[in-house]
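Subject: Structure for you to look at

Hello,

Here is the structure I promised to pass on. Please open it first, then read my notes below.

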Amino acid sequence: MARLLIQQHPLATLMLQDPTHGLSAVPVPMIWGADKNKPDQWWVEGHMARSNQNTEALVSGKAGQVLVQFSGPGAYVSPRHYDVSKSVPTWNYVTVQIHGRVQIIDHPLEKDTLLKRLIATQEPAYARDWSGLPADRDGKLLGSIIGFRIPVERCVLKVKLSQNRSEGERSRILAHQRKGSYEEQVLARWMTLLAQR
């Protein structure tokens, strides 16, 4: 489920303790990858502008361990769906937190490959256009970013989807969310997925 959440919600928040800038939270699109021979040893990877204030801490290793959070859908849950009317509202959500240490990817060919992997998850047809960029422009673009990979040392999937409620309550919540906002509809799909496991 963690990898599925990352695929569906790739904009992550990279959190680090920067010796110069203090505690920082940087939005970064990321994807996951794994060695075919060792699928349990996986990672998340992305890139950021070389001019980003936190780049130095990442490149130097001074940031140490970082935390990456992928936030999936979340929505308010009204107590009117519960069996007992004297209940309180709550919030359902799905998130995954990745802990690890940053490995810098700064060779132009490796960065190009990293960007192609990212593009392939979002717009596979654009890969041909990316390959057709003029060499000097391509070089400037690659020079203006750093790539990075974070091998997963610890992965924490947090799923709060009314699992603690009765079957009837979950059915009412699910029916409401299926007709609700876009966010609620996405959450309903996650509730259905959880019920199938």
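A residue counts as buried when its relative accessible area is under 20%, as exposed when it is over 50%, and as partly exposed in between (1.4 Å probe, protein chains only). Keep that at hand. This is a predicted model, so local features need pLDDT of at least 70 and side-chain atom pairs count only at pLDDT 80 or more, while totals for chains, interfaces and linings use all residues. Residues are numbered from 1 along each chain as its sequence is written, and side-chain values use heavy atoms, with hydrogens and water left out.

Start with Asn-92. Asn-92 sits in strand β5 (residues 90–101). Strands (E, at least two residues) and helices (H or I, at least four) are DSSP runs, numbered from the N terminus. Is Asn-92 buried or exposed? Asn-92 is buried, because its relative accessible area is 0%. Its side chain makes a polar contact of 2.8 Å with the side chain of Ser-162. A polar contact is a pair of N or O atoms within 3.5 Å; within protein, one must be able to donate a hydrogen and the other to accept it, and residues adjacent in sequence count only if both atoms are side-chain atoms.

Next, strand β7 (residues 145–151). Of its 7 residues, 5 are buried, so β7 is largely enclosed by the rest of the structure. Two strands pair if DSSP finds at least two bridges between them. Strand β3 (residues 38–49) runs antiparallel to β7, with 7 bridges. There, Gly-46 has Phe-148 of β7 as its bridge partner. Strand β6 (residues 103–105) is also antiparallel to β7, joined by 3 bridges. Here Ile-105 stands opposite Gly-147.

Now the inside. A nonpolar core is a set of buried Ala, Val, Leu, Ile, Met, Phe, Trp, Tyr and Cys residues joined through side-chain atoms within 4.5 Å. The largest one has 36 residues, and Leu-14, Met-30 and Phe-70 touch the most other members. Apart from it lies another core of 6 residues, including Ile-119 and Trp-130.

Last, helix α3 (residues 108–122). Its 15 residues reach 21 Å from first C-alpha to last, close to the 21 Å expected. The expected span is 1.5 Å times one less than the number of residues. Among the buried residues of α3 are Leu-114, Leu-115 and Ile-119.

Best wishes
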